[in-house]
Amino acid sequence: MTCLYRCGNACFHPVPNESDNSYFADEVSRRDVFRAGALGAIAIGVGGAIASSTPASAAEQTGSAVIPEAYAATGGGNGKLTFSPIPPNTLDTVVVPNGYDHAVIIKWGDAVEAGAPKFDINRQTAAAQAKQFGYNNDFTAVLPLDRHDRRGLLVCNHEYTDENLMFPGFTKPENLTVEQLRISMAAHGLSVVEIERVGSTGQWRVAGNGRAYNRRITLIGTPFQLTGPAAGSKLLQTAADRTGRKVIGTQNNCSGGVTPWGTVLSGEENFNQYFVGGDGAPESVKAGLKRYGISTDTRYPDGNRRWDRADERFDLARHPHEAHRFGWVVEVDPYDRRSTPRKHTALGRLKHEGANVILTKDGRAAVYTGDDERFEYLYKFVSDKKMIPGQSSYARKHNMTLLESGTLYVATFDFTSAGEIDGSGRLPSDGGFNGTGRWIPLVKDGQSMVPGMTVDEVLVFTRLAGDKVGATKLDRPEDVEPNPVTGKVYAALTNNTDRGKAGKAAADEVNPRNLNKHGHILEITADGGDHGRDTFTWTLPIVCGDPKDPGTYFAGFDKTKVSPISCPDNVAFDRYGNLWIATDGNALGSNDGLFAVPLSGPDRGHLRQFLTVPHAAETCGPFISADNRTVFTAVQHPGEDNGASVEKPLSTWPDGDLGKPAIICTWRLDGREVGA
């Protein structure tokens with residue numbers, strides 16, 4: 001069921017990346033690349049940004065957000081993870097360590113905007129859902145509303161819908177009513193919800209006095225502005241928008257990130273499954289459609305949502321450019337509910353898992369993003385403009401333009417590890433694979449760096465551009481995030497069970513296992529610590545799976561003491577630089593969960609399981625509060641398994657009736673920092 005609803009059964013279809021590009025393309029022309037300036041590096045911070053109504057001094061700038069100085073990311077303090085790991089399990093509940101507790105903050109159907117009716121599963125409407133918390137919450141962030149960390153804005157993506165778990169009497173997609181289709185559309189997008197701390201604990205709840213900031217952003221009624229070099233392109237023009245600059249809605253928003261200037265980025269991922277009519281689209285766009293997983297052979301491919309019955313723009317035979325208007329990084333200002341969200345074409349169009357920002361040494365924004373599909377690529381964008389510190393109206397207006405122009409890169413990896421790769425995951429004698437890498441420019445100084453492609457083509461068909469320059473194919477690059485303490489970048493490579501199959505790329509050092517069902521973590525270190533540079537080194541600190549498997553690796557730590565982990569998806573960091581990993585699709589037979597692991601010191605690699613989510617649920621988010629006292633986690637699609645329905649749920653979490661996606665917070669009962 002997850003395969004059907006999240007990505008339209010992508011794993012059962014041919015991989016759209018069948019290019020024969022050179023894996024390690026040493027001879028590809030690099031041309032001139034962005035060079036960073038001489039100012040000191042500014043590390044990304046933890047927790048979010050103070051609202052524009054609360055100016056902050058330059059001393060409070062951390063590079064990711066303007067936050068209270070006491071909560072700035074630091075390598076000092078304790079930071080040691082001391083909680084006892086929970087055991088793998090298949091319980092239909094959330095399990096947390098001894099000495100901790102958790103609570104639901106908000107769930108599907110709860111009121112967000114004023115006037116939202118009380119949720120009634122038998123009386124749903126699109127108008128009601130557009131004011132209620134959406135379905136399948138994924139990326140989660142909390143941005144502060146005061147300097148005392150008492151109030152904040154919870155910002156959350158709603159990735160996709162499970163109609164058989166939403167509508168009583170569901171039979172099959174083609175039997176859904178038009179109104180039910182519109183309900184599903186309204187359940188996509190994002191929510192902004194004001195929350196408040198409960199007493200002096202690490203627990204949070206929906207704020208009870210007003211909804212001044214609360215907002216639902218949906219697919220059916222929220223206008224978006226396209227920015228950057230491709231805005232206005234003929235490839236983005238439709239009958240509804242002949243300017244190529246305005247889009248209604250966002251969909252399949254997976255992970256995201258918080259910017260240094262206090263906005264939220266959201267990645268549009270598996271948008272392909274909503275479009276039909278590729279077989280009737282003009283020949284000029286079919287190659288691009290196919291490269292993004294859109295069928296050009298049949299009107300209703302397996303796994304398709306058939307949304308054209310509710311909105312004709314999803315019929316590519318009638319509106320062939322509409323699919324080009326999805327697959328972007330979205331930017332939302334949660335502090336201004338009247339602001340128009342934007343889709344940034346300068347960051348390229350792909351199946352963005354998310355996007356995270358860190359500043360270069362001279363103050364430019366470097367954005368890392370992964371393309372979540374088998375054999376896809378890792379990307380980086382570096383802005384032309386420098387960030388202006390502070391929260392003045394001038395600074396905010398300027399910083400909101402940073403992602404509109406810059407250099408877009410794709411990664412290629414070179415290898416220095418000795419020994420042959422046999423595809424079993426066997427590690428070399430030095431304990432892990434490592435090497436160097438380069439960022440290949442795709443667009444620079446407003447010019448295409450890809451032979452035979454215009455700037456518009458590179459940005460709209462970014463996957464094709466990556467093929468042409470010989471980018472390295474990876475095992476589903478999902479969440480990519482910089483460490484707030486060290487500046488190193490960590491990418492979750494979730495899995496790739498096609499690796500090494502007949503006719504498919506075989507294992508290599510950066511993807512060391514054939515039939516890779518457990519995934520691994522990639523660590524990237526920018527040369528000179530400058531994210532504006534075009535070269536880096538890399539290593540694999542964690543190769544996931546059962547620690548008893550000789551093909552697993554945990555940064556050299558004693559594997560008899562670590563928790564089993566499979567399918568890393570989202571990553572986050574606490575204020576001490578410990579890595580937190582959320583899993584999706586655990587292939588070891590137990591529920592998905594959240595794990596934490598130190599990346600330095602004698603405990604480097606000592607990975608422990610912090611929580612598990614209910615039956616058939618996915619662990620999303622996560623987000624560690626600025627004061628390190630709360631872990632926010634999105635519990636997505638509880639009970640999403642074959643045979644589940646509203647009448648016969650396979651999960652009854654959290655209310656005891658049927659499974660509902662929800663956001664939870666976890667905290668220590670003694671009030672101390674989580675993990676420590």
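The model is predicted, so to speak of local features we need pLDDT of at least 70, side-chain atom pairs count only at pLDDT 80 or more, and totals for chains, interfaces and linings use all residues. Residues are numbered from 1 along each chain as its sequence is written, and side-chain values use heavy atoms, leaving out hydrogens and water.

**Salt bridges**
- The whole structure holds 47 salt bridges (a side-chain nitrogen of Lys or Arg within 4 Å of a carboxyl oxygen of Asp or Glu).
- Asp149 and Arg197 form one of them, at 2.9 Å from N to O.
- Asp149 sits in the loop between S2 and S3 and Arg197 in strand S4, so their pair links parts 48 residues apart in sequence.
- Asp149 and Arg197 are both buried (under 20% relative accessible area, with exposed meaning over 50% and partly exposed in between; 1.4 Å probe, protein chains only).
- Glu268 meets Lys343 in another salt bridge, with the closest N and O atoms 2.9 Å apart.

**Strand pairing**
- Strands (DSSP runs of E, at least two residues, numbered from the N terminus) pair if DSSP finds at least two bridges between them.
- S7 (residues 223-227) pairs with S8 (residues 246-248) in the antiparallel sense over three bridges, and Phe224 has Val247 as its bridge partner in S8.
- S7 also pairs with S12 (residues 342-344), in the parallel sense over three bridges, where Leu226 stands opposite Lys343.

**An exposed lysine**
- Lys648 lies in the loop between S31 and S32 and is exposed, at 61% relative accessible area.

Technical notes:
Helices (H or I, at least four residues) and strands (E, at least two) are DSSP runs, numbered from the N terminus.
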